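Hi everyone, thanks for coming. Let's have the model up on the screen, and then I'll walk you through a few places in it.

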Amino acid sequence: MKKFPISTWLLFIIPSLLGVLLFIVPVYYNGEWVVTVALLANLLAGSIQSYSPWIMMGIIIIGALGSVIFITRRVNEKHHVSFLDKLFNVNLFWTIVRILGAVFAVMVMFQIGPEAVWSENTGGTLLSPTGLLSFLLTIFLFAGLLLPLLMNFGLLEFFGSMMVKIMRPVFRLPGRSSVDALASWVGDGTIGVLLTNTQYIQNKYTQREAAIIGTTFSVVSITFAIVVIQQVGLGQYFLPYYGTVILAGVILALIMPRIYPLAQKPTTFMNGKPQDSQSEAVPKGYNAVSHGLENALKTAHANRSVSEFFKDGFKNVLDMWVGVAPVVMAFGTVALILAEYTPTFTILGAPFVPYLNLLGVPEAGEAAQLMVVGFADMFLPSLLADGIQSEMTRFVVAAMSVTQLIYMSEVGGLLLGSRIPVNILDLIVIFLLRTIIALPIIAGVAHLLF
C-alpha cells in the first residue's frame, strides 16, 4: 500500500469522523433521538420561525424568475457550463413547475385566490412557520454545507470497497451507497436524497443506481416513525412496528431494483459514460480494507483546499434551495388539494378493498383510501386513521405509511426537483408496487400481533 504523510491520514480521519457524528450518529435531545444535522436545522428553524416562510417564498420566486430569464440561453455542453446555468437553465416543463410553485407560494403567503390553494390543509401545510418548506430551508443549509465532510475526504471510498460484496449482489448497488442508506435510515430521507443527488452529479452513481437509492433507501427517519405510531394510538407497539417496517423495507429493497421501472434505467453515468464492471474490483496485492483505505487517503489528499470545501457546500445549498423548493411547493400543493377537496384518492383506493379483505384486514373500506392517500403526504394516512376502530388496521396503516416512501410533499417532490433520473410516472408506479408488495408482509405481522 502506498505511504501517505500523517497530515493526509488526519485529513481522512477527522472530517470523516465529524461527518459520521453529524449525519449518522443520533443524539438524545428533548426526549427524542435525532441526528445532529437535523437538530441544528430544527434549532435554527425555531429561531427564525416567523421569517422562514417569507425567505422560502423569496427563494422560490428567484428560482422562477431565473428560469424565465435563462430559458432562452443556449448552453454548449462541450464548453464549461457556469453554475448559474446549471441552477436556472432548465427545460420548459421545469420552468413552468417553478413558476407554478412561485404562484402558489405568493397565494399562500398573502392568502389570495382560491382557499383550496392556501388553506392550512394544503399549501399552508407546506409553507407555514412549522411547515415542510420552512424545515427544508434550514436542513438544506446545514446538510448542504456539511455534506462535503461525508463525500470529499474518503469516507465513501473506504466503505465502498468493504461493502461492495454485500451491496452489489444483494441490492445491485455500489458499496459507497451503504453510507447513503445509513444516513437516510438514522437521519432523514431528505438527507439521503441530497447525498444521492450530489453523488449522481459527480458521476459516482449510474442513472439506475441513483434512481434505486433515491426511491428505495431514502427512508423515513426513526423519529418520524415514532410520531406516526403514536398518532394512531399504538405507541406501546413501537418495537414490533419498527421491526415490521425494517422487514418490509429490506424485502422491497431486494425486489424493487430487479423489476420495472428501476430495472430498465440505463447503467450509464450522468456524463453519458457507461459503467465499468471492473471499477470496483480489488487489485492484486490488496484486500478490501487496504484498497478502500488507499482510495480514501488519495481522495483526502486531493481535497486540501478550505475554500473549495465551502464553495462545494454553498453550491449544494443553492442547488437544493432553488431546484427543489419550487417543485415541492408545486407538486405538494396539487397533491394535497386532490386529497382534501376531491374524491380522487377514494376512487384510486377502491381496488384495494378486495385486496385488504383477502388479507383479512378489518374495516377494509375505510382503510383502502389510506393505502393511496400517502402519495400526497406521508402523515395523511395516520391523521385520517382516527375513525378506524380496529387496532390491527391502524397498525397496518401506520406501517404502510412509513414503508411507501414516495410522498409528493417530501421525498417525491425532492426527487423530481433533483437531477436523479425519475419522473412522475416512475414515482406513481414505484409507490403502487411498494404498496402491493408490502401489504401482505405487514398484514401478516399484524395478524400475529393482534
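Let's start with helix α14, residues 238-255. Helices here are DSSP runs of H or I with at least four residues, strands are runs of E with at least two, and both are numbered from the N terminus. At 1.5 Å a residue, the 18 residues of α14 should span 26 Å, and its end C-alpha atoms are 26 Å apart, so the two values agree. That expected span is 1.5 Å times one less than the number of residues.

Before I go on, a word about what you're looking at: this is a predicted model, where local features need pLDDT of at least 70 and side-chain atom pairs count only at pLDDT 80 or more, while totals for chains, interfaces and linings use all residues. Residues are numbered from 1 along each chain as its sequence is written, and side-chain values use heavy atoms, leaving out hydrogens and water.

Now, which residues of α14 are buried? Among them are Phe238, Tyr241, Tyr242, Val245 and Leu252. Buried means under 20% relative accessible area, exposed means over 50%, and partly exposed is in between, with a 1.4 Å probe and protein chains only. Seen down the axis of α14, the buried residues fall within an arc of 165°, so they line one face of the helix. The arc is taken from the directions from the helix axis to the C-beta atoms. Remember that an α-helix has 3.6 residues a turn, so residues three or four places apart point the same way.

A cis peptide bond joins tyrosine 260 and proline 261, with omega about 0°.

Next, please find serine 418, in the loop between α23 (411-417) and α24 (424-449). Is serine 418 buried or exposed? It counts as buried, at 11% relative accessibility.

Last stop: two loop residues. Asparagine 203 lies between α11 (189-201) and α12 (207-216), and has a positive phi of about 60° although it is not a glycine. At 26% relative accessibility, asparagine 203 is partly exposed. Glutamate 363, between α18 (352-358) and α19 (364-368), also has a positive phi, near 50°. Its relative accessible area is 25%, so glutamate 363 is partly exposed.
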